[in-house]
Structure formats: structure tokens, C-alpha cells
Amino acid sequence: MNRRSFPFALLLSLAACTEKPPEPGSAGPIEAVQSFADALSEGHGAAAWSMLSLRTQQAADALAEKARAASGSQRPESGRQMLFGSALPGSKVTARELSTDGGFTEVEVTDAQKHTRIYRAVREYGLWKVDLDLGAK
């Protein structure tokens with residue numbers, strides 16, 4: 001290797017060694033709920049959707065299908081659009097674990113205006129996902 005190509009090779013080696021950030025939900029239930037709330041507050045519906053449990057996604061799609069059938073419209077196109085199509089950016093939140101009950105963990109989220117909401121986080125395929133109760137059967 002000549003002297004001119006050494007800096008390029010060094011830079012390429014360093015770039016290959018950088019770790020990609022962990023997948024949302026890989027750290028724990030608090031981090032999963034915090035990432036979900038951050039995605040919502042920043043208006044990132046696609047990211048928020050990917051952090052939902054499979055059960056929640058299926059329930060949202062079922063509700064969207066019922067809404068389309070009842071209205072005779074093509075809207076909402078999906079559960080994702082129904083839940084996050086009109087999501088407006090909000091404020092940052094803080095989260096803390098309340099309890100763990102076997103298959104899920106409850107996490108309390110508080111926004112800047114001191115409004116609180118409790119989310120349920122569940123493990124799916126080794127990741128923590130947010131599980132919303134949408135009331136769909």
C-alpha cells in the first residue's frame with residue numbers, strides 16, 4: 001500500500017467498524033414506549049407503527065376495514081393511516097416502569113403539560129413492542 005492510499009484505507013476501516021443503532025424495543029419496555037412516544041411527538045407515523053405489537057396492528061387494520069365498510073369510502077386505507085394519518089408533532093415525554101405482570105410491562109408516560117398515560121409493552125420476537133387496547137375483536 002502506498003502513502004497516498006493509506007488515509008483512504010484507514011477511513012474505510014473506521015467506517016466499517018461503526019455500529020448501527022439498536023432496533024427500537026431491543027433495550028427494554030421503558031425505552032420501547034419512550035421511542036414510540038418520541039416517534040409520535042416528532043410526527044413519524046411509520047416509525048411509530050413499526051413499534052406496535054402485531055396484535056395492535058391487526059386490530060387497527062380491522063377497525064380501518066370496518067370504518068371503510070361503514071362509510072363506503074376508501075379511507076382510512078389502513079390501520080396505520082387511521083392511527084397516525086393525522087398525528088401532529090407534540091412535546092417530549094418522560095417514561096417510567098410501573099409494573100410487570102408476566103407477559104407485559106406497564107409504562108407510565110408524562111408529557112410536558114403533565115398529562116399522563118399508561119402504555120402496555122409486550123415482548124415479541126425478542127423485542128419490546130407497544131400494545132394498545134383498541135377495543136377491536
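## Strand pairing

In this predicted model, strand E1, which covers residues 93–101, runs antiparallel to strand E2, residues 104–111, and the two are joined by 8 bridges. Within this pairing, valine 93 stands opposite aspartate 111 of E2. The hairpin that E1 and E2 make has 2 residues between the strands, and glycine 102 adopts a positive phi there, near 65°.

Strand E2 is also joined to strand E3, residues 116–124, by 7 bridges, and this pairing is again antiparallel. One of the paired positions is glutamate 108, whose bridge partner in E3 is isoleucine 118. Here the hairpin has 4 residues between E2 and E3, and lysine 114, which lies in the turn, has a positive phi of about 70°.

## Aromatic pairs

Across the whole structure, a search finds 2 aromatic pairs. One of them is formed by phenylalanine 36 and phenylalanine 84, with an edge-to-face arrangement in which the ring centres are 6.2 Å apart and the planes make an angle of 65°. Because phenylalanine 36 lies in helix H2 (residues 29–41) and phenylalanine 84 in helix H5 (residues 79–84), this pair ties together parts that are 48 residues apart in sequence.

Phenylalanine 36 also forms an edge-to-face aromatic pair with tyrosine 119, at 5.7 Å centre to centre and with 75° between the planes. This pair links distant parts of the chain, since phenylalanine 36 belongs to helix H2 whereas tyrosine 119 belongs to strand E3, and the two residues are 83 residues apart.

Taken together, Phe36, Phe84 and Tyr119 form one aromatic cluster. Its members come from helix H2 and helix H5, which hold phenylalanine 36 and phenylalanine 84 respectively, and from strand E3, which holds tyrosine 119.

Key. Residues numbered from 1 in each chain as written. Predicted model: local features only at pLDDT ≥ 70, side-chain atom pairs only at ≥ 80, totals over all residues. Heavy atoms only, no water. Pairing = 2+ DSSP bridges. Phe/Tyr/Trp six-rings, centres within 6.5 Å; stacked < 30°, edge-to-face > 60°.
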